[in-house]
Amino acid sequence: TNKVTIAGGGSGYTPGIVLTILENRASFPVDEIRLYDIDEKRNSDMKVIVQYLIQKNGYDVSLKATLDPKEAFENTDFVFSQIRVGGIKMREIDEKVPLKHGVVGQETCGVGGFSYGMRSMKGFLEMVQHVQDYAPDAWILNYTNPETLVAESVRRQFPDIKIINACDQTIAIEELIAYSFGYERENWISSYYGLNHFGWYKAIYDVSKQKDIMPEVIDQIVNEGFKTDQLGESWAKAFKLMERMVADFPTHIPNNYLEYYLYPNLIVEEADPSYTRANEIMDGRLKQIEEAVEKIKSASSMDEVDYESNSHGQYIVDMAVSLLNNENRRFMLIVPNKGAIPNLREDAVVEVPCYVNAEGAEPISLREDIPDFHKGLMEAQVASEKLLVDAFFEKSYQKALEAFTLNQSIPNAVIAKRVLDELIERNGDFWVEL
Ligand code: G6P
Ligand code: MN
């Protein structure tokens with residue numbers, strides 16, 4: 001059986017992830033779960049909820065919450081990383097500072113993503129160091145954002161660490177397509193290429209129909225639109241704009257996150273600079289969690305509490321199972337390019353389909369060049385992200401300014417500098433000193 005450490009145990013996603021782990025115990029046996037965080041209150045709050053869920057469902061597993069890296073990582077088998085350096089409060093700053101200057105404010109795209117990225121690289125590399133020290137054989141399954149930046153920094157500092165970088169957005173997109181137009185996603189073999197939150201489907205081969213259904217899906221997206229009734233308001237909005245993106249560029253299906261680069265003006269017009277996604281989350285899921293903690297703590301018996309959590313993160317457990325059992329399941333993962341996309345620089349960190357087996361992620365080569373439109377957009381994005389990672393390691397203001405200026409959501413160097421300077425100030429010690 002396995003031990004799992006959840007890095008970023010204080011996250012609101014923790015109860016859902018733990019439930020998924022335990023629901024899958026037949027294929028993924030786990031006897032110990034450790035919650036690790038640097039925020040004592042949030043970590044112990046999550047322990048309260050998780051302990052409640054374990055008891056309620058009658059699971060047999062030991063649970064501990066700790067701030068001590070040795071206790072958290074020693075001899076662990078898997079590290080699920082969902083750390084968010086600076087928490088939701090800093091997410092709010094990532095979103096609001098750029099908006100104040102009239103540019104996209106989002107946690108993973110544009111310069112909001114760069115602000116978060118500078119914090120993430122610092123916190124994540126510290127975490128990887130602990131894994132290296134206390135559990136060098138453990139697999140890190142990482143979904144800490146912004147993923148390309150984090151993956152690139154790990155590749156530079158810990159080239160041999162066992163890590164798989166994964167994002168669930170392609171799964172979310174495929175599930176929405178399947179739900180909207182009546183397909184079974186289990187029948188699909190998808191071809192996709194790009195960077196994280198920045199890519200395109202090339203084909204969706206449906207085994208039951210024995211053909212590529214992408215052309216008909218494109219028609220359906222443009223003519224019928226997605227069924228967004230199961231989504232929250234902000235995701236529904238994002239997928240509305242994705243319909244427009246497909247109509248304007250109907251050769252491929254894009255990742256919805258590309259709208260931050262293709263339609264930054266529309267995004268900024270629609271945004272409320274004083275109430276962003278961070279505020280929605282603080283008022284929504286974080287509040288619910290706080291209430292649940294209070295209820296559980298003050299209840300005299302479990303029967304008084306009726307807290308329910310959705311399970312979350314099935315793909316992470318699926319990856320762990322594929323690693324453990326050498327199953328070669330196929331996932332979209334974030335890996336060094338090394339020719340997977342033949343006409344893109346080798347040292348880019350790309351998102352492509354990969355097989356996951358006992359040795360880790362094995363990327364599938366596209367074998368064909370990608371179109372100039374996508375290549376041009378990606379080259380600029382890769383260069384901009386590489387410059388930011390350089391800025392981080394070299395503590396270089398100059399490189400950071402170049403990264404910000406090159407970011408495709410930024411119209412000119414004047415604004416790049418203004419936003420950068422304000423983000424330096426607002427991030428303080430969360431960033432390395434430039
Ligand atoms: C998707 C993305 C993640 C992102 C999340 C944001 O799952 O792939 O990278 O973190 O959405 O969701 P939130 O509810 O926090 O805005
Ligand atoms: Mn993601």
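Visitor: Which residue takes a positive phi just after α13?
Guide: Asn326, with a phi of about 55°. This is a predicted model, in which local features need pLDDT of at least 70, side-chain atom pairs count only at pLDDT 80 or more, and totals for chains, interfaces and linings use all residues. Residues are numbered from 1 along each chain as its sequence is written, chains are lettered from A and ligands numbered from 1 in the order in which they are written, and side-chain values use heavy atoms, with hydrogens and water left out.

Visitor: What is pLDDT here, and how does the chain score?
Guide: pLDDT is the predictor's confidence in each residue, from 0 to 100. The chain averages 97, and 100% of the residues score at least 70. The model's ipTM is 0.98 and its pTM is 0.97.

Visitor: Back to Asn326. Where is it found?
Guide: In the loop between α13 (314–324) and β11 (329–336). Helices (H or I, at least four residues) and strands (E, at least two) are DSSP runs, numbered from the N terminus.

Visitor: Which other residue has a phi near 55°?
Guide: His197, which is not a glycine either. His197 sits in the loop between β7 (188–195) and β8 (198–206). His197 is buried, at a relative accessible area of 6%.

Visitor: Why flag these?
Guide: Most residues other than glycine have a negative phi, and most peptide bonds are trans.

Visitor: Where is there a cis peptide bond?
Guide: Between Asn145 and Pro146, with omega about -15°. Pro146 belongs to the loop between β5 (139–142) and α6.

Visitor: Let's take α6. How many of its residues are buried?
Guide: Eight of eleven, so α6 is largely enclosed by the rest of the structure. The buried ones include Glu147, Leu149, Ala151 and Val154.

Visitor: What covers them?
Guide: The cover includes α5, β5, β6 (163–166), β11, β12 (349–357) and α14. Contact means heavy atoms within 4.5 Å.

Visitor: At what angle do α5 and α6 pack?
Guide: About 40°, with the axes of α5 (residues 110–134) and α6 (residues 147–157) 9 Å apart. That makes α5 oblique to α6. Angles under 35 degrees count as roughly parallel, over 145 as roughly antiparallel, 65 to 115 as roughly perpendicular, and the rest as oblique. Axes are lines fitted to C-alpha atoms, for helices over the stretch in contact, and angles run from 0 to 180 degrees between N-to-C directions.

Visitor: Which residues make that contact?
Guide: From α5, they include Gly113, Phe114, Met121 and Val128; from α6, they include Leu149, Val150 and Gln157. By class, the contact has eight nonpolar, five polar and no charged residues. Ala, Val, Leu, Ile, Met, Phe, Trp, Tyr, Cys and Pro count as nonpolar, Asp, Glu, Lys and Arg as charged, and the others, Gly among them, as polar.

Visitor: And how do α6 and α14 cross?
Guide: At roughly 55°, with the axes of α6 and α14 (residues 372–394) coming within 10 Å. α6 is therefore oblique to α14.

Visitor: What about the classes there?
Guide: The contact of α6 with α14 has four nonpolar, three polar and six charged residues. Glu152, Arg155 and Arg156 are among those in α6, and Glu385, Lys386 and Asp390 among those in α14.

Key:
Buried < 20%, exposed > 50% of the residue type's maximum accessible area, 1.4 Å probe, protein only.
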